[in-house]
Amino acid sequence: MNNMSMPRAGKPINRATDIDRFVGQRIRERRIMMGLSQQQMADMIGVTYQQAHKYERGINRISAGRLFEIAQVLNVAVSYFFDGLEGDAGDDMGQRQRMCLELARNFSQISNERHQEALSQLARALASQS
């Protein structure tokens with residue numbers, strides 16, 4: 001029997017780790033912030049929609065080269081995907097976090113700088129009332 005295919009120390013082969021899921025979550029967050037669909041991102045990095053989906057879910061591990069490509073497409077440093085890893089990596093995005101990501105995406109799509117500034121001032125005013 002080939003020992004290369006046997007699990008070591010009782011760990012299943014090719015299982016995603018918490019880190020893989022965390023990196024996938026960060027990819028998803030950034031993709032949403034940029035207003036890209038999974039299909040658009042998949043096309044940009046040269047993989048299928050299914051593969052991009054598996055990356056985001058942490059089902060498939062991402063090679064260093066592929067992670068570098070994803071970072072370039074999403075316009076971030078590779079280290080972005082590991083930011084906050086020491087903290088609470090296991091939680092899924094909550095409703096509040098989804099709203100924040102959607103707000104950031106929509107804000108970045110406002111082309112009129114005066115409108116952006118007005119919205120920013122409104123947010124500051126509302127936050128100071130809380």
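A salt bridge here is a side-chain nitrogen of Lys or Arg within 4 Å of a carboxyl oxygen of Asp or Glu. Arg66 and Glu69 make one of these, with their closest N and O atoms 3.2 Å apart. Both residues sit in helix α4, 3 residues apart, about one turn of the helix. Glu69 is partly exposed because its relative accessibility is 32%, and the labels work like this: buried is under 20% relative accessible area, exposed is over 50%, and partly exposed is in between (1.4 Å probe, protein chains only).

The model is a predicted one, where local features need pLDDT of at least 70 and side-chain atom pairs count only at pLDDT 80 or more, while totals for chains, interfaces and linings use all residues. Residues are numbered from 1 along each chain as its sequence is written, and side-chain values use heavy atoms, with hydrogens and water left out.

As for the overall build, the protein has 6 helices and 0 strands, which gives the pattern α-α-α-α-α-α along the sequence. Helices (H or I, at least four residues) and strands (E, at least two) are DSSP runs, numbered from the N terminus. Of the 130 residues, 25% are buried. Taking contacts (heavy atoms within 4.5 Å) between residues at least 6 apart in sequence, 60% join residues at least 24 apart.

Back to charges: the structure holds 7 salt bridges. One of them pairs Asp20 with Arg61, the closest N and O atoms being 2.9 Å apart. This pair ties together distant parts of the chain, with Asp20 in helix α1 (residues 18–33) and Arg61 in the loop between α3 (49–57) and α4, 41 residues apart. Asp20 counts as buried because its relative accessibility is 14%, whereas Arg61, at 54%, counts as exposed.

Glu56 and Arg28 also meet in a salt bridge, at 3.9 Å from N to O. Here too distant parts of the chain are linked: Glu56 belongs to helix α3 and Arg28 to helix α1, 28 residues apart. Glu56 has a relative accessibility of 5%, so it counts as buried; Arg28, at 24%, is partly exposed. Arg28, Arg31 and Glu56 are linked in a network of salt bridges.

Next come the rings. A search of the whole structure turns up 1 aromatic pair. Tyr80 and Phe81 form that pair, edge-to-face, at 5.6 Å centre to centre and with 80 degrees between the planes. Rings of Phe, Tyr and Trp (its six-membered ring) pair if their centres lie within 6.5 Å; planes under 30 degrees apart count as stacked, over 60 as edge-to-face and the rest as tilted. Both Tyr80 and Phe81 are buried. Arg26 lies over the face of Tyr80, 4.0 Å from the ring centre; for this, NZ of Lys or CZ of Arg must be within 6 Å of the ring centre and within 35 degrees of the ring normal.

The loop between α4 (64–73) and α5 (95–108) holds Asn75. Most residues other than glycine have a negative phi. Asn75 isn't a glycine, yet has a positive phi of about 60 degrees. With a relative accessible area of 61%, Asn75 is exposed. Glu86 lies in the loop between α4 and α5 and is exposed as well, at 75%.
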